[in-house]
Amino acid sequence: MNPPRRGTPDFLLLLLTFVLVCFGLAMVFSASSMTSAYYGDPWAFTKKQLIAVGIGTIGMLFCMNLHYTKLKKLVIPAFFFIVIALIFVIFTTKANGASSWYTLGKFGIQPTEFAKLIVILYLASLISNKEENFRNFKKGLLPALIVVGFVCFLIMLQPDLGSCMILFICSAIVIMVGGSNLKHIFMLGTSFLTLGAIGVALYMLKGGSDGNNYRIDRLTSFMDPFSDPQGAGHQVVQSLYAFGHGGFRGAGFGQGIQKLHYLPEAHNDFIFAIIGEELGFIGSSLFILLFIFFIWRGILVAVRSPDMFGMLAGVGIMVMFGFQAFVNIGGVTGTIPLTGVTLPFISAGGSSMMVSLISMGIILSISREQIRKEEPATKKRP
């Protein structure tokens, strides 16, 4: 007997992914063209992003056509591989105060981006395998907490507070959705908030190698960026100038001025400021609404999964996209302190783009196994 034929991927979610990627490529070109000109090619960063999109698309198509349950067999070796990568990256050369990259010629690989996805899949596999036993603290919740805590510890050694925070929040939501005992969650949540506050305080108080404490500077610049517009508050101030220049309708695509070496990392962490400047309040609002609709559609696909693994993996991935976008946009607009994370599908960054597309391949694979109502049998002609 032939196995039942899989359904088609969610077309709307595939279309939204395509729209976000194309919009991101356009904004990367606009935001990086002047910086790229120093390398003799205004398309330099856009070409690198296109290569990442190409590799990520291959990964997305592969995962989309692979039954997502087969990922369970790959999770354990992938987890051990990424742990080794996170350990050795600490000993690489620091860039912007952190050791987060492996350099491969002109390209860089950031293992933390892959760690987010792998930990989400690991937790989804762990919880779905244990089922009711997951409500037991020692047999269920404790192993999950050890895994998450260990990976967060390795990421903090780089240090990368933003990615650590995103991974922790995504993991916590997957654990809660997975049916963990609420009493355990409350007790551990209180403990983690206390320990986390102490850890963040120690992290913030630690100075840099040059004696300057840029972490404290980031916090103070968040509260009042104009107190030091040429120093710690420079990025936020220039970002706010970009939004001010864009106004309601925007300066027009390619017509922004902050990317002319006024705003550092305009094509990367601060690309939303360029969106606000060139497309204005209208364009920025439409982009945010589109992204919210994209997250909602992905979560809808996840909750319709026929099994626990697919549901948890899908929810974790979409929460990762949503929370990372919130942290990026919040930092750029001065709503929350800067943490240096990319805007999914939009910011320049090969690792982020590849992981985002591979993650969407998993979501689209889940969408092919949606719970559907039984169709009535067709009547045979007499």
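Let me begin with D307, whose place is in the loop between α10 and α11. Helices here are DSSP runs of H or I with at least four residues, strands are runs of E with at least two, and both are numbered from the N terminus. This is a predicted model, in which local features need pLDDT of at least 70 and side-chain atom pairs count only at pLDDT 80 or more, while totals for chains, interfaces and linings use all residues. Residues are numbered from 1 along each chain as its sequence is written, and side-chain values use heavy atoms, with hydrogens and water left out.

Setting aside neighbours within four places in sequence, D307 is in contact with Y68 and T69, where contact means heavy atoms within 4.5 Å. From D307 to E369 there are 62 residues in sequence, and the C-alpha atoms are 9.5 Å apart in space.

Three further loops deserve a word. E265 sits in the loop between α9 (234-246) and α10 (271-303), and with a relative accessible area of 32% E265 is partly exposed. The C-alpha atoms of E265 and A31 are separated by 8.9 Å, although these residues are 234 apart along the chain. In the loop between α5 (137-156) and α6 (161-177) we find P159; the peptide bond from Q158 to P159 is cis, with omega near -5°. The loop between α11 (308-332) and α12 holds F345. F345 is not a glycine, yet has a positive phi of about 75°; F345 counts as buried, at 1% relative accessibility.

I turn now to the second largest pocket. A pocket is taken on a 1 Å grid over the protein atoms alone, as an open set of points where a 1.4 Å probe fits, with protein on both sides within 12 Å along at least five of seven lines; lining residues have an atom within 4 Å of a point. The space in this second largest pocket is about 390 Å³, a volume being the space filled by probe spheres set on the points, which are joined across faces, edges and corners.

Which residues lie nearest the centre of the second largest pocket? They are A78, L117, I118, L121 and I358, from a lining of 16 residues. Two or more lining residues come from each of α2 (44-65), α3 (71-89), α4 (111-130) and α12 (350-367), and α3 gives the largest share, six residues. By type, the lining has 15 nonpolar residues, one polar and no charged; Ala, Val, Leu, Ile, Met, Phe, Trp, Tyr, Cys and Pro count as nonpolar, Asp, Glu, Lys and Arg as charged, and the others, Gly among them, as polar.

Of these helices, consider α4. Of the 20 residues in α4, 17 are buried. From first C-alpha to last, α4 reaches 28 Å, close to the 28 Å expected at 1.5 Å a residue, the expected span being 1.5 Å times one less than the number of residues. Just after α4, E131 takes a positive phi of about 50°.

Finally, the chain as a whole: there are 12 helices and two strands, and 47% of the 382 residues count as buried.

Technical notes:
Buried means under 20% relative accessible area, exposed over 50%, partly exposed in between (1.4 Å probe, protein chains only).
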